[in-house]
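Subject: Structure handover

Hello,

The structure is below, followed by notes on what was found in it. Please read the two side by side.

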Amino acid sequence: MIKRATVTDGTASGQVGIKKKSKVPGVMITQFIETLPEGKSHPDFTRKPIALTIQEGKFAFFKAIVTGDPAPTVTWSRNNGDVSDTSRYQSKYDSNSNEHTFEMPNVMPDQADTYKCFAINEYGQAMVTVVLNVIEVGYKKNKAQQPLAEAANGNFKNVLKRKSKIRPKSEQTERKDGEIDPKFWELLLSADKKDYEKICAEFGVTDFRWMLKKLNEMKKEREEEQADFVRSLSNLRPIQVNADGTASFEIDMDLIDPSSSIFLYKDGEMIPYTKELGEQMKHSLKQVGKKFIFSMKDLMPEDAGLYQLDVEDVNMFSTEFKVPVVDFLVKIQEVKAKEREDAVFECVLSNPFSKILWFGKNLPLEQGDKYDIEVSEDKLIHRLVVKDCMVVDKGIYSACAGIKSCNAWLVVEADKEVPKGKKSARKATRAGGSGMDLQKIAQEQQIKLEEKKEQIKAAKQAAAPPPEPSPAPPPTKVEPKAPEPKVEPAPEKPPIVEVVSTKKTPLAVPVPAPVPEDLGSEPVITCGLSDIYALRGKPAELTVMMNVDCDGTWFKDGEQLSSGSGVTIAKDGTSHKLAIDSCSDYNSGVYRFVTGDQSTQAKVIVGDVPEFDPDDLHKFSKPVVVRVGQNAAFKMPFPPQESLVVSWFKEGAEIKDGGGVKIVKEPNHSRLLLKDCLRTDAGEIKIQLKNPFGSVEATSRLIVLDRPGPPEGPVETVETTSSIIEIKWNPPKDDGGSAVTNYIIERQQVGQSLWTKLGDVSADKNSFRDRNVTHGKKYNYHIYAENPEGISDALETADSIMAGIMILAGPPGAPKVVSASKTCINLTWTPPEDDKGIPIIGYQVEKRKKDTTQWIALNALNEPIEDVNYAVKDITEGAEYEFRVSAINESGAGDPSPPSAMVCAKNPNMRPCFKDPEDFIVVRAGNSARVKICYEAEPPPTITWLKDDEPISPWINIINTEGMSQLVIPSSKRSDSAIYTIIAKNSVGEASFDVEVRVTDEPKTPGPVEIEQTVHGKVEVSWAPSPDQELDDRLYYVVSQHDSNTRVWKTVADRLFANTFTANNILPGIEYHFRVYAKNDMGLSDPSQSPTWGANSNRVPIISNGVSSAEICFERPPSILVPLKVHTPPKGYQLYMTCAVRGCPTPTVSWFLDDVCINSDKNYYITNSFGVCSMYILRVRQKDSGEYKVVAVNPLGRAECSTKLVVKE
């Protein structure tokens, strides 16, 4: 309901203001008049203006669409100001789109306000408000002089409103050497602690202690600033790409003032947005409770950058969006998998990518029990494995790499062979994949990437200017640890280069150091030392190369070395070598070579290659045997060692922890657990222990037992005769981990559903001879392989195999049409003259419609017609057909017979005839009269109705349907009584039939009754005729008689068409009464009572001679002998309601419904026959429900009874 309130504003004198509700929220409507003229309407908005937050200097506008008749006038205003300045405010109207636009070019901060849009016509007014927020940028001339002075001195820090140090590119100043990018601190302030190391590495920060100290100070300062606007910040989720191709970040923020302005920045530049437009803009900010969600669609490479969310002038959250340069060389393809089978999606990227995002039905997927996410070593091939597919797993799966994505369907087909309610067995197969050699594509792409790198490197070298000769800067000196005379460099000597390397290089391979130019004859190390890992008991060698022949000294841990004790020092020209004959723990240490001011040093670490205990190695090498679906476990002990890397491999590929794989690494052992093993998990299992001195491996094998795969096909037919069929097949590719013991053969005869087991064949035989075949029959075969674990799936013959040569029967005789109708055509034919010696099983009938070439079989070959006649019922009325018949024997259907003659599916021509019509119908006046006549005729006849041989009146309806015609008189009158004639005529003949329709009503009571005695013992009863006598020629009279002896009414005359009746046997001294009724087809009228005949006053008094007599009185008050009963008939059914009453004199009986007398109501047929009172309702209605009461009254008293009638729906 629309609430209305009378208002006085905005209306002229004499007008009223009625508040109306608009379908568009926020629109206020005032109607000027109470009742709108037809076709007119007050103004309303179908599109209202949207609130806008925009940066200063941009183009701002509002749009609105209004309706109303007559067309309303649209005006704009603002709460705090004027909009008459056309240079700042412009109103426009586009007649094509019906849009009203309010534009503000080069919007300024003083234009931020609440604006109103009015739509007015003569019948009302509609108004809506909209808010414009303008973000100020930079400083203003009308600000205080102090900020202006600071700006003049170049200090914009206090002038700019935003406190963040991230500035737009146009305002950025060149950073000094060593100055850290402000983006570094903004990212750290919003990042998790686990990401600190990655961010520091990206920006080249190595002093973590200093970074953490300063970050804590900045966090404290930032939290104090944020506390002015927010109560709490939580759930900071960095920006990431979603499955639908958008990027978004989230933040939970409890604002102190919900009306606080929220701004978005990218690389220091503000991003305009409106909350209402949402997905219509590239950038949107949605608020759901305390959660703020920033989203960005139509991602492009230029969208990369630092995104920040500010409340007023304080930064709340910063996140960096990186767009890697990557695309899909091979996209994922649609996968069709069977239930409980693994599904594989594969793709190849154009550049290495460590991890891409996988989505299933718009939900992110992670490595686990359900999904395996695999990445190749070159990080170009990415693979998603959906394990143990079920029907619920079907849907769209997508892969996202940066801003690029691709998607494909996973279709899971239910296993129809599994009984309903049972779970199918886990399958060892995989469905899907790209169908291409991804490894080859990835290798080619890797080569292209290497070539591209080389080209870029060569281009940089070519673009670099040639080095100008200049003295090299003096390097930093590091004094040797060994005690020796300190040598100061002379100014005129060339610079000294010290090489100290900790790089791990192979044994005895020196690392060349850069050699400065113009060295002259000064000794310089051209190839220094590098750290080596030496095996215990094996030799090791350190080598230093000089540019000139000179002497040098070797030191170990600061002590000078000389040859001896397993150490040999040698010099060969410019080469200096230190050799260790057999390394031991004593030889570990820091070795240093010094010559003059030059020195180089390296570490020698002595150790052993990891090793296994022989007993553990022997135990591990034994194969692990499990069944499909079971778990397999491997455990390998080893001595604890430092820097030990443990890896597990299956068939040469490294196994990663996750999904169905669980790897446990402890200091002294490692365990591998493979869950729910499949046949594909079988193979070589290897554990590798690796340290800097080498690696050692131990190998075992996993055997997964399962039932074998199906035998390899196709099934070959070796021999087929009338009594033998021999078939051959190949062993299965997968024996299930254990040898096949035998094959099982089953057979099915074509046309039957039963499969019969024929027997077993040993595993060394791949053929079978079936000797129990019937010539001409076709058979299908199933071959199963069996091993100790179970029976394989079946290998089925591709085509049926027939025993012997096919012998078909000859053609039968051409079919003959026995009879034809629109619903059925009966055919008969003769058997073929030549059955080729093979009994005929039955026949196949085909039909062809005229003007078509296709023959359609009416029965299947496995449902032959055994008789030589057939009733064709699959026909269309009026269409023409021809038929042919083929004989069927054991070999199949033979040649078809010649076609029959064309026959039309229609009834044969026949003269119209009527089926069981009624020749007399009585209808109560006022009711509808319906005459229904059924007929048969072909072709369909023309129907004509006559009334007394004259055309029928227009208000009489004729309804003709196939095989039936109806005459309907909607509301019949007595004048509609007549003889109606129906005439049916077609090309064959004509037929007619007369129906007498009698429209009548209950007759009226006859006139007064008179009695006259003619002779002794007889009286003549006469009466005036009923008023309906002249209207109804079928009306007659009924006379009832009552005497004081019997005291009952009995009918003494019936079907009297005269107005007199002579009553016989009239005795003196007895009182007689007569009643006269009028009766017609609708029933009896009310009676007309006669005067009393033979009163007691006419009797001669008898003298009693003193003897007194007692007078007997038969008078009594009314009483109810049989009361009314409760009735609950359904709606539309008939109803009889009866009761029995007695009393003397005879009581007057009245019927009441809810205390209203219904004796005179024509809807109720009420009778009283010798005290049995009845009421009849032809069709009960809902309004007939209620309390019914019968009241019997005579001069001596009153009696009544009642009941309830409930009409069911």
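A disulfide is taken here as a pair of cysteine sulfur atoms within 2.5 Å. The structure holds zero of them. Cys824 is buried at 15% relative accessibility, and Cys1144 is buried at 17%; buried means under 20% relative accessible area, exposed over 50% and partly exposed in between, with a 1.4 Å probe and protein chains only.

This is a predicted model, in which local features need pLDDT of at least 70 and side-chain atom pairs count only at pLDDT 80 or more, while totals for chains, interfaces and linings use all residues. Residues are numbered from 1 along each chain as its sequence is written, and side-chain values use heavy atoms, with hydrogens and water left out.

Helices (H or I, at least four residues) and strands (E, at least two) are DSSP runs, numbered from the N terminus. Met211, Leu215, Met218, Arg222, Glu225 and Gln226 of H4 are buried. Seen down the axis of H4, these residues fall within an arc of 80°, so they line one face; the arc is that of the directions from the helix axis to the C-beta atoms. The face turned away from them carries exposed residues, including Arg209, Lys213 and Lys220. The cover over the buried residues of H4 includes helices H2 and H3 and strands S12 and S19, contact meaning heavy atoms within 4.5 Å.

Regards
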